[in-house]
Every structure is written in structure tokens, then in C-alpha cells.
Amino acid sequence: MPQDVGARRGRPPISDEQRREQRLVISRQAVRLFREQGVAATSGEQIARAAGVSERTLWRWFRTKEACVEPLLSRATEDFQAVLRSWPPGADLGEHLRAEYAFLGAPSAADVADVLAVIRMTRDEPVLRAVWLVLHERAETTLAEVLGERLGLPADDLRVRLRAAAVNAALRVATEDLARTAADDPGAARRHHAEFDAAMRAALRAFDGPDVHRASARSGDLAHDGV
């Protein structure tokens, strides 16, 4: 029987860090099984056994077997959000992204391959696609908060929300393109940085206008990118 940390009696509750790590272990095993035998042929019982947890723990933490990919897949959006939060006031967004953003930061090669594989699977697996889109929907709130602060506008202002949606779409489409091309082209990851920067600038420039420039002038930010 699996040694389930969360189910052992008489032991203190696991920490948030231990829970995050165990969820990531489950996620990695789920992705491995999905890649090896397909989503339909993989059961929650198999994922739990491979991860060394009980099914009870698995279903307590994940509502479906497809949801098990969330911890690993979310790294594709969380790293970008972290870089955006660290954007210095007055700095050019494009320059900041070029200097600080790298796909998945510095994870293991296996994690990169697994994340890209799951993103490729979202093209043919509707439930995995839903997980991927929900992660981006959650990320959009953070993007709106950061852009709104830089523009001196509320995060729920329509102009801010449109720009956040554009940034989010650029991130999603560029990442999906990387996943698609990396399957057959090892050099795709090296080109991703430049292509992502170009896509981001184009997405932001599409919303350029006098109202935005006035807001940018008040806050002293974003004027470089025309956001």
C-alpha cells in the first residue's frame, strides 16, 4: 500500500511546502502516464499508485484525473506572473521581459518536456484544454492588477482589462506555438524568447491611444511600450 503522508495517523499535518511538493509529484506522474498510455487509458488509481499516495488523497486534492496536470502546467503561467510583478516602475516592459523572463525559469529538462507535452495534448483532449484555459483565466487577474498599477487605473477598468487579456493571449499562443514546434525542432526553445517578446509588443501596441498615453504620463510608466 502506498505510504500516504497525508493519511498517516498520529503524525502532524504536512506543511504547505510539503503539500505543494507532493502535488507536484502527483502531477509529474500523471503527465508521465498520460504521455505513455493516453489520458483515456489512465486511471486515478494508477496515478495515485505511481505517486505513492492513496486514492483518497488524490481525489481530495484533485477533482478529476485531468486536473492532476495543474501543478506542473501552472508553471507556464506562474513564472511569467512573477516576472511581471517584479517589473520596476519606469522601466521598459519589453526590456524587462528580455532580461528576466525565461520559459519555466530554470527547471529540469524533464519538467520542460512534460509541460510542453501536456500543452500539445490540449489540442486533442478537451478536458486538458479546459484546465489550460482556466489557468490562464486566473493569471489574467494578476496581469490586470500589475498593468492597472502602472497605468494609474483601476484593475477593472476596461482599458486595463483589454490589455491584460492581450498580454495573456500573447503568452498562451506563444507558449502553444513553442510546444508545437519543439516536438520536432530542438532549436525552438532558443527562438521562443525573441518571438515571445515580439508577440508581446505587438499585442500591447494594438491598444495604443491618446487616453493611454495620458494615463502613462501620470504614472510615469508604460510609455515606452505604448501600453
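Helix H1 contributes the most to the lining of the largest pocket, with four residues. Helices, like strands, are DSSP runs numbered from the N terminus (H or I, at least four residues, for helices; E, at least two, for strands). The model is a predicted one, in which local features need pLDDT of at least 70 and side-chain atom pairs count only at pLDDT 80 or more, while totals for chains, interfaces and linings use all residues. Residues are numbered from 1 along each chain as its sequence is written, and side-chain values use heavy atoms, with hydrogens and water left out.

Rolling a probe the size of a water molecule over the atoms shows where empty space is left. On a 1 Å grid over the protein atoms alone, a pocket is an open set of points where a 1.4 Å probe fits, with protein on both sides within 12 Å along at least five of seven lines, and lining residues have an atom within 4 Å of a point. The volume of the largest pocket is about 240 Å³, a volume being the space filled by probe spheres set on the points, which are joined across faces, edges and corners. Its lining consists of Arg20, Glu21, Arg23, Leu24, Glu70, Pro71, Ser74, Glu78, Leu135 and Arg138. Two or more of these residues come from each of helix H1 (16–37), helix H4 (70–73) and helix H8 (126–151). Domain 1 (16–67) and domain 2 (69–206) each supply at least three lining residues; the domain bounds come from an automatic or database domain assignment.

A polar atom of the serine 27 side chain lies 3.1 Å from the backbone nitrogen of leucine 72.

Across the chain there are eleven helices and zero strands. Of its 227 residues, 46% are buried. In helix H9 (residues 158–182) lies arginine 159, which counts as partly exposed because its relative accessibility is 29%.

Key. A polar contact is a pair of N or O atoms within 3.5 Å; within protein, one must be able to donate a hydrogen and the other to accept it, and residues adjacent in sequence count only if both atoms are side-chain atoms. Buried means under 20% relative accessible area, exposed over 50%, partly exposed in between (1.4 Å probe, protein chains only).
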